[in-house]
Amino acid sequence: MSTGEAKPKLIRVEDLLQRTVYDVDHRAHIVVDSEKCAKCPKKPCTYLCPASCYVLVDDRIVFSYEGCLECGTCRVICPMDAISWNFPVSGKGVQYRFS
Ligand code: SF4
């Protein structure tokens with residue numbers, strides 16, 4: 001027997017992120033000290049960044065800020081204090097779409 005209530009529509013996180021758009025600033029809002037990164041033993045940013053902004057290439061971290069989701073994870077987990085993190089200037093960066 002129906003209660004008459006509409007079931008909420010389930011939306012996957014992956015589907016939501018596909019709607020995400022960016023207005024990328026030419027100035028990087030995150031700056032990485034590559035000398036400190038080179039001394040980092042585990043490089044957690046390479047596997048904890050949800051946007052894969054940190055990629056290991058020949059044992060060196062290659063960083064790109066353009067796809068950053070502004071979650072702040074890299075700022076918190078970097079054991080080398082190698083990341084200078086700011087939000088993009090107003091109006092720039094990620095723009096989430098929830099509908
Ligand atoms: S703020 Fe989040 S999405 Fe952006 S680079 Fe850091 S971990 Fe990746």
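**Exercise 1. The setting of H29**

In which loop does H29 lie? Determine also whether H29 is buried or exposed, and list the residues it touches.

*Solution.* The model is a predicted one. Begin with position: the loop that holds H29 runs between strand 1 (21–23) and strand 2 (30–32). Next, consider accessibility. The relative accessibility of H29 is 9%, and buried means under 20%; H29 therefore counts as buried. Finally, turn to the contacts. Leaving aside residues up to four places away in sequence, H29 touches Y65, C68, E70, S84, W85, N86, F87 and P88.

**Exercise 2. A hairpin**

Describe how strand 3 and strand 4 pair, and identify the residue of their hairpin that takes a positive phi.

*Solution.* Strand 3 comprises residues 54–57 and strand 4 residues 60–63. Their pairing is antiparallel and extends over four bridges. Across this pair, Y54 is placed opposite F63 in strand 4. Two residues lie between the strands of the hairpin, and D58 has a positive phi near 50 degrees.

**Exercise 3. The chain as a whole**

Give the order of helices and strands along the sequence, then judge from the radius of gyration whether the chain is compact or spread out.

*Solution.* The chain contains four helices and six strands, in the order α-β-β-α-α-β-β-α-β-β. The globule rule gives 13 Å for 99 residues, whereas the radius of gyration is 18 Å, well over that value, so the chain is more spread out than a compact globule. The C-alpha trace spans about 65 × 30 × 20 Å along its principal axes. Of the 99 residues, 25% count as buried. Carbon and sulfur atoms hold 54% of an accessible surface of about 7,500 Å². Among contacts between residues at least 6 apart in sequence, 69% join residues at least 24 apart.

**Exercise 4. The ligand shell**

Name the residues that come nearest to the ligand, and classify the shell around it.

*Solution.* There are 14 residues around the ligand, of which C49, C68, C71, G72 and C74 come nearest. By class, the shell has eleven nonpolar, two polar and one charged residues.

Key. Residues numbered from 1 in each chain as written. Predicted model: local features only at pLDDT ≥ 70, side-chain atom pairs only at ≥ 80, totals over all residues. Heavy atoms only, no water. Near = heavy atom within 4 Å. Nonpolar A, V, L, I, M, F, W, Y, C, P; charged D, E, K, R; others polar. Rg over C-alpha atoms; globule rule 2.2 N^0.38 Å. Buried < 20%, exposed > 50% of the residue type's maximum accessible area, 1.4 Å probe, protein only. Contact = heavy atoms within 4.5 Å. Areas by Shrake-Rupley, 256 points an atom, 1.4 Å probe, with all protein chains shown as cover. Pairing = 2+ DSSP bridges.
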